Amino acid sequence: MAFWDFFNKKQEQRSLEYVSSFSDALLFGANIAQNSTMTVSAVNRAVNIISDSIAIMPVRIKDTTLTHVSNLDNHPVKRAFSNGVISEYTLKSSMIRDVLLKGNGYAYINRAKDGTVIELIYLPASSVTCTYNEKTYDLHYTCTNLNNVKISPADIIHLKKYTLNGVVGIPALTYAARAVETAQATENQAHDFFESGCNLAGVLTVDGQLSEKQRNDIRSSWN
């Protein structure tokens, strides 16, 4: 199927294959896949590098014949990536960021009555619900930003990286949950230490009695 055909077909017949059924593994590490994860400097930098590197890659629509290849700069699909609200760069960067942090990136394909693509609307992953019935193979989406209207798979771009069932994505950070949690705890501990003026809190205890000189020596060494 050509790239344009994907956007131009209102109805789509598909046969879904999936790796396994839903399981508790989908929830593994969910506690770290939140916006707070971006406060970890290493995670923030990695996510920005990946999303920015992909976002700057241009979208090119090409007309290929036996003799030459030409760019279609005025093709409707190319124009659809920038809808006047957010740029092509921001759209792609936001979707990739959601894939990394949330496991899924979404964009709604807004069409004219004749099925022609008008624009791509970025949908925050946190606002989208993906519903899939493994028995009936029914797949549809709802989005709070679109009044929870049922959306056909043919009218949405759904990006995902890791998945257990072939439909719903899992955040990449899920597989590094312990490392991220350790980094968060380390940075929080360092912040508290420096915020307190690098003073250690606690009580020193010793067995037996100390002389006045010993007490003064210990006190001065910790001041």
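The following questions and answers concern a predicted model of a protein chain. Residues are numbered from 1 along each chain as its sequence is written, and side-chain values use heavy atoms, with hydrogens and water left out. Because this is a predicted model, local features need pLDDT of at least 70 and side-chain atom pairs count only at pLDDT 80 or more, whereas totals for chains, interfaces and linings use all residues.

Visitor: Is Ser-51 buried or exposed?
Guide: Ser-51 belongs to helix 2, residues 41-55, where helices (H or I, at least four residues) and strands (E, at least two) are DSSP runs numbered from the N terminus. Buried means under 20% relative accessible area, exposed over 50% and partly exposed in between, with a 1.4 Å probe and protein chains only. Since its relative accessibility is 2%, Ser-51 counts as buried.

Visitor: Which residues does Ser-51 touch, not counting those up to four places away in sequence?
Guide: Contact means heavy atoms within 4.5 Å. With residues up to four places away in sequence left out, the residues that Ser-51 touches are Ser-93, Ile-96 and Arg-97.

Visitor: Which strands does helix 4 lie across?
Guide: An open sheet of three strands has the order 4-3-7 with antiparallel pairing, two strands being paired if DSSP finds at least two bridges between them. Helix 4 covers residues 88-102, and the strands that helix 4 lies across are strand 3, strand 4 and strand 7.

Visitor: How many bridges join strand 3 to strand 4?
Guide: Strand 3, residues 104-111, runs antiparallel to strand 4, and the bridge partner of Arg-111 in strand 4 is Val-117. The number of bridges joining strand 3 to strand 4 is six.

Technical notes: Axes fitted to C-alpha atoms, helices over the stretch in contact; angles between N-to-C directions.
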